[in-house]
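I set out to record what I looked up in this structure. My entries take the sheet, the helix contacts and the cavities in turn.

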Amino acid sequence: MKDKDLSQIKIVYVLLDGVADLPHPDLNDLTPLDAACTTNMDHLAKNGCMGETITVGEGFAPQSDIAVFNMLGYSFLDGSYVGRGVIESIGSDIDFRDGDLALRGNFATVDDKMQIMDRRAGRSIAQAEARDICRTLAEEMKFSDTGVSFVIKPTIAHRVSVRFRHANLRFSDKITNTDPAYQKVDGMGIAKDTLGKMHLKKSFAEEPSASAAAAAKTVNEFSEQVIRLLRGHPINKRRENSGKPLMNAILLRDSGNTIPKLESIKKKYNMEIASIVDMPVEIGISKVLGMRTLEAGGIDDYENKASVAVDNLERNDGIYVHLKGPDEFGHDGDAQGKKRSIEDIDRAFFGTLRKKLKNEEGQIIVVSADHSTPCIKKAHSADPVPVLFSGNMVKKDGSERFTEKYASKGRLGRIMGSTVLRNAINLINNNKPTVC
């Protein structure tokens, strides 16, 4: 079969953040996908084929950044990844240069012994609160090394981006996290078990260099001053009076010091691909890969996102859509909430997508996840995630529902995340995916 003209290839590629899960007692030992009523995703499953995806690597519980890069076809198992801090700085429009030190941060709640009581300060953080606290830190924080300057920018809810710069030194990124929930390996963030007690950590240099020692010292001074400056902050006094968790610490992770230089997604696939994304990390990935980011409303404005995807498909070869909802319920251990989130996405996003999308040859809908976030673990896991290819060009494999069980039996078998998009293109061209 002759390859189709690229203008005839249309891909809607949807990643449901953290949607994969494990059986949960609150759902009669079903996963949230199993328990949810998903009429529209089930329709896509019946009109397609399924399989499992290892998003980054076997035994690797990835963070979203490295998982999304892999699911778009960019693998960094050679150790070349620049770190999530850099990607989030770019996505947050922070001025970043080679030699700066960028980290992702979480507002958190700690007690007097630095035990972490809440990694996200209850998630109930207003933008005005975050801006006020960051303004205080920016105005009052001083470092023992007068060559150090920094920028702190609140993004969404508990999330912040932090960038350090030195007037005379290129910072090394070879330092450990202060956030105990994640470990950095070859620049890539790996989720750790978060069910036990955790304490705010000190950062340590991972190499015997002056620039690494300076980076770790700067991060530790930052952490210490955050604790001191926020202890009696008016925002925290109001939060305490209203029964909300205090924003009295910032957990830092995934340092990076280099601007990424990657092949654009257009050059990689010879396709024009736009994105619909909300979080700073996905916005950063879109910028780094040269994807135009489409305006599509708020995080849970699912109907609008589906409409924008369809409306822009004619002028693009593909639309990458990242939907955040399910992941947060996984981190909170809320299986019922995750089930409801999946049902909302099925009704509002996939329902709208089905109504508006023309059912044409050369068109395929790909549905998967960036990682699994099991509610019983309250953290990312190394489990495989479902992947679905749906469309008229797809040979059906008898799948009935978009669930982990049907994925484990699908004809795609188990494929690596970095091959998913290429597999979809090959399937359109040849009706034969390259299975790993």
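The entries below begin with the ground rules.

**Basis.** I am working with a predicted model, in which local features need pLDDT of at least 70, side-chain atom pairs count only at pLDDT 80 or more, and totals for chains, interfaces and linings use all residues. Residues are numbered from 1 along each chain as its sequence is written, and side-chain values use heavy atoms, with hydrogens and water left out.

**Sheet.** I looked up the strand order and found an open sheet of 7 strands, S10-S11-S1-S12-S13-S2-S14, with mixed pairing. Strands (E, at least two residues) and helices (H or I, at least four) are DSSP runs numbered from the N terminus, and two strands pair if DSSP finds at least two bridges between them. The edges are strand S10 (273-276) and strand S14 (413-416), each pairing on one side only. From one strand to the next the twist averages 25°. I then examined strand S2 (residues 48-54), which runs antiparallel to strand S13 (residues 385-390) and is joined to it by 6 bridges.

**Helix contacts.** I noted that the axes of helix H2 (residues 39-46) and helix H12 (residues 335-356) come within 7 Å and cross at roughly 60°. Axes are lines fitted to C-alpha atoms, for helices over the stretch in contact, and angles run from 0 to 180 degrees between N-to-C directions. H2 and H12 are therefore oblique to each other, since angles under 35 degrees count as roughly parallel, over 145 as roughly antiparallel, 65 to 115 as roughly perpendicular and the rest as oblique. Contact means heavy atoms within 4.5 Å; in H2, Met41 and Leu44 are among the residues that meet H12, where Ile342 and Phe350 are included.

I also looked up helix H5 (residues 127-140) and helix H7 (residues 234-241), whose axes come within 9 Å and cross at roughly 140°. Glu129, Asp132 and Ile133 of H5 make this contact with Ile235, Arg238 and Arg239 of H7.

**Cavities.** I took a cavity as a set of points, on a 1 Å grid over the protein atoms alone, where a 1.4 Å probe fits but cannot get out; lining residues have an atom within 4 Å of a point. The largest cavity is lined by 22 residues, and Arg84, Arg104, Arg253, Lys324 and Asp327 lie nearest its centre.

How values were computed
On a 1 Å grid over the protein atoms alone, a cavity is a set of points where a 1.4 Å probe fits but cannot get out, and a pocket is an open set with protein on both sides within 12 Å along at least five of seven lines; lining residues have an atom within 4 Å of a point.
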